[in-house]
Amino acid sequence: MKELRIFCPATIANVACGFDVLGLCLDHIGDEMVVRKTGSGQVTISRIEGQDLPLEAANNVAGVSAMALLKALGSKQGFDMEIHKKIKPGSGIGSSAASAAGAVFAINRLLGEPFTLNELIPFAMEGEKLASGALHADNVAPALLGGFSLVRSYDPLDVIRLHTPGQLYATIIHPQIEVKTADARSVLKHSVPLKKAIAQWGNVGGLVSGLYTEDYDLIGRSLHDGIVEPLRSLLIPRFDQVKQASAEAGALGSGISGSGPSIFALSKGEHTAKKVAEAMTQVYADSGVAFDVHVSGISHEGVRPTMSGTP
Ligand SMILES: Nc1ncnc2c1ncn2[C@@H]1O[C@H](COP(=O)(O)OP(=O)(O)OP(=O)(O)O)[C@@H](O)[C@H]1O
Ligand SMILES: N[C@@H](CCO)C(=O)O
């Protein structure tokens, strides 16, 4: 195979209590990429549609991730990428991760899969480092593996794919303001009072348990973030109102999606998730801030081919 067209899904990182360790994969929101082998011996990006992003491979997360993979293999094979961007950079739903994960998935597939999906995560993290200065895996892991991911450890990297309950739906409101991950990380404190840490790791354990037992009330009780949300929510217009309206509409819980400005809520069932979407819309209707609202299931699959290229 010389060419692969893929869907690169959006993701929600942190999922409230799991800063840098939890993430989930959305099912139909995402970019497309076309990746093809070339004889140039280099990684190139010939086209980016939908957003104004760098075409130089060294300045684009897709290029950096691709080069990290090829360097690990010692491969001199050239690749060219086209990126059809639907997820806005700085949205909080893993725009950079979609490109990083897409690049390494496609190149790995075109090279006959020398790496497992889990083994691709560190290469995609190099792209995230370019975007935000931080080697976080909580967007690229679910973008590659699908479902929910837990980064149990960064050193050594140990990523676990978690069970996803079938009736879990996400609602996302994306206010059209850009919050760069690097900026949203710079507002964080580097030490956490023990009392807050206790509450947070209790909630991470509760959320993981709730996912496995499909206990939706427990999932809802666990969707709290007492560490990051109080600092970052100040960057997001009407954050508290969106949370309150989501709860009143029946959401299990809500929080900042990734580093924001998107806000997510999880609900049991699509019907409730749609009611939450209406409630979020009402909060933002007269805000003067343009916004999009999405309802999505949790995808069991991450990056995936949409059409095989020519053999
Ligand atoms: N292919 C790419 N797709 C998206 N952003 C890219 C890409 N290549 C480079 N970037 C840069 O990465 C930055 C966006 O990444 P950032 O992590 O801030 O946003 P995000 O991925 O939408 O957020 P989050 O990780 O919170 O979901 C921008 O500075 C953008 O120029
Ligand atoms: N865990 C990262 C995710 C960025 O999407 C952060 O919150 O900074």
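Biologist: Which backbone atoms lie by an oxygen atom of ligand 1, and how far off is the one of Ile 93?

Modeller: A backbone N or O atom of Ile 93 is 3.2 Å from an oxygen atom of ligand 1, and a backbone N or O atom of Gly 92 is 3.4 Å from an oxygen atom of ligand 1. A polar contact here is a pair of N or O atoms within 3.5 Å; within protein, one must be able to donate a hydrogen and the other to accept it, and residues adjacent in sequence count only if both atoms are side-chain atoms. From a side chain, a polar atom of Asn 139 lies 3.4 Å from an oxygen atom of ligand 1. The protein covers 92% of the 630 Å² of accessible area that ligand 1 has on its own, by the Shrake-Rupley method with a 1.4 Å probe.

Biologist: Before I go on, what kind of model is this?

Modeller: This is a predicted model, in which local features need pLDDT of at least 70 and side-chain atom pairs count only at pLDDT 80 or more, while totals for chains, interfaces and linings use all residues; side-chain values use heavy atoms, with hydrogens and water left out. Residues are numbered from 1 along each chain as its sequence is written, and chains are lettered from A and ligands numbered from 1 in the order in which they are written.

Biologist: Back to ligand 1, then: which residues come nearest?

Modeller: Of the 20 residues around ligand 1 (a heavy atom within 4 Å), those that come nearest are Asn 60, Gly 94, Ser 96, Thr 181 and Ser 259. By class, that shell has 5 nonpolar, 12 polar and 3 charged residues.

Biologist: What about ligand 2, which side chains does it meet through polar atoms?

Modeller: An oxygen atom of ligand 2 is 2.8 Å from an N or O atom in the side chain of Asn 14, and a polar side-chain atom of Arg 185 lies 2.7 Å from an oxygen atom of ligand 2. A nitrogen atom of ligand 2 is 2.7 Å from an N or O atom in the side chain of Asp 138. Taken alone ligand 2 exposes 260 Å², and the protein buries 98% of that. The shell around ligand 2 comprises 2 nonpolar, 6 polar and 4 charged residues, and ligand 2 also lies between domain 1 and domain 2, since both give residues to that shell.

Biologist: Changing topic, where are the cis peptide bonds?

Modeller: One joins Asp 155 and Pro 156, with omega about 5°, and Pro 156 is in the loop between strand E5 (148–154) and strand E6 (157–162). Another runs from Gly 260 to Pro 261, with omega near 5°, and Pro 261 is in the loop between strand E8 (253–256) and strand E9 (263–268).

Biologist: Which residue other than glycine has a positive phi?

Modeller: Ala 16 has a phi near 70°, and its place is in the loop between strand E1 (3–13) and strand E2 (22–38). Most residues other than glycine have a negative phi, and most peptide bonds are trans.

Technical notes
Nonpolar A, V, L, I, M, F, W, Y, C, P; charged D, E, K, R; others polar. Domains from an automatic or database assignment. Helix = DSSP H or I, 4+ residues; strand = E, 2+ residues; numbered from the N terminus.
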